[in-house]
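Could you walk me through this protein as if I were seeing it for the very first time?

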Amino acid sequence: MESALAEARMAGRRGEVPVGAVIVRGGEVVARGGNRSIGASDPTAHAEIVALREAGRKLGNYRLTGAALYVTLEPCAMCFAAMVHARIARLVYGAPDAARGAAGGCLDLNGHRAFNHRIAVVGGVLEAECAGVLNAFFSSRRAASAAR
């Protein structure tokens, strides 16, 4: 999760919402990603999707069986569905997202009958640190907006 936090901080420095993700398989980090939606003008360039794409390229397969995805914020529905399609074995997230989270926050897609794959989910890992990065980012944005 520390590596995912580092990715989140880098995303924040680029002006992106500071969310970071890391994919680990066989004890090795195979991919990293930070939000890139704003810079890439791509609504799908969430940290998890960036990491999933990199892992697929690196491993030469879109199926990432046996892999764990660590992310600083509970994934949205798009990202969770992509993890299911990639056959991610384990999801570990930091801060819950009651408004958009799809791993039990707003939705629980893991238990949805439409999906034929289940992911082991662990939430709240380094929750305070992960939430702190997001809170600091949005506080600075609000302050900059108020100063205008």
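Helix α1 (residues 2–13) and helix α5 (127–147) have axes that come within 10 Å and cross at roughly 5°. Here axes are lines fitted to C-alpha atoms, for helices over the stretch in contact, and angles run from 0 to 180 degrees between N-to-C directions. Angles under 35 degrees count as roughly parallel, and α1 and α5 are therefore roughly parallel to each other. From α1, the contact (heavy atoms within 4.5 Å) is made by Leu5, Ala8, Arg9 and Gly12, and from α5 by Glu129, Cys130, Val133 and Phe137. These residues divide into five nonpolar, one polar and two charged. In this grouping Ala, Val, Leu, Ile, Met, Phe, Trp, Tyr, Cys and Pro count as nonpolar, Asp, Glu, Lys and Arg as charged, and the others, Gly among them, as polar.

Before going on, please keep in mind that this is a predicted model: local features need pLDDT of at least 70, side-chain atom pairs count only at pLDDT 80 or more, and totals for chains, interfaces and linings use all residues. Residues are numbered from 1 along each chain as its sequence is written, and side-chain values use heavy atoms, with hydrogens and water left out.

Helices (H or I, at least four residues) and strands (E, at least two) are DSSP runs, numbered from the N terminus. Now look at the strands: five of them form an open sheet in the order β2-β1-β3-β4-β5, with mixed pairing. Two strands pair if DSSP finds at least two bridges between them. At the edges stand β2 (28–34) and β5 (120–122), each with a single partner strand, so one side of each is left without a neighbour in the sheet.

Follow β1 (residues 20–25) next. With β2, strand β1 pairs in the antiparallel sense over six bridges; Arg25 stands opposite Glu28 in β2, and Val22 opposite Arg32. The hairpin of β1 and β2 has two residues between the strands, and Gly26 takes a positive phi near 60° there. With β3 (68–73), β1 pairs in the antiparallel sense over four bridges, and Val71 in β3 is the bridge partner of Ala21. Helix α3 (residues 47–59) lies across β1, β2 and β3, running at about 140° to β2.

Where does the largest pocket have its centre? Val17, Val19, Leu73, Asp97 and Arg100 lie nearest to it, among 21 lining residues. A pocket is an open set of points on a 1 Å grid over the protein atoms alone, where a 1.4 Å probe fits, with protein on both sides within 12 Å along at least five of seven lines; lining residues have an atom within 4 Å of a point. The lining divides into 13 nonpolar, three polar and five charged residues, and α5 gives the most, with three residues.

Technical notes:
Angles under 35 degrees count as roughly parallel, over 145 as roughly antiparallel, 65 to 115 as roughly perpendicular and the rest as oblique.
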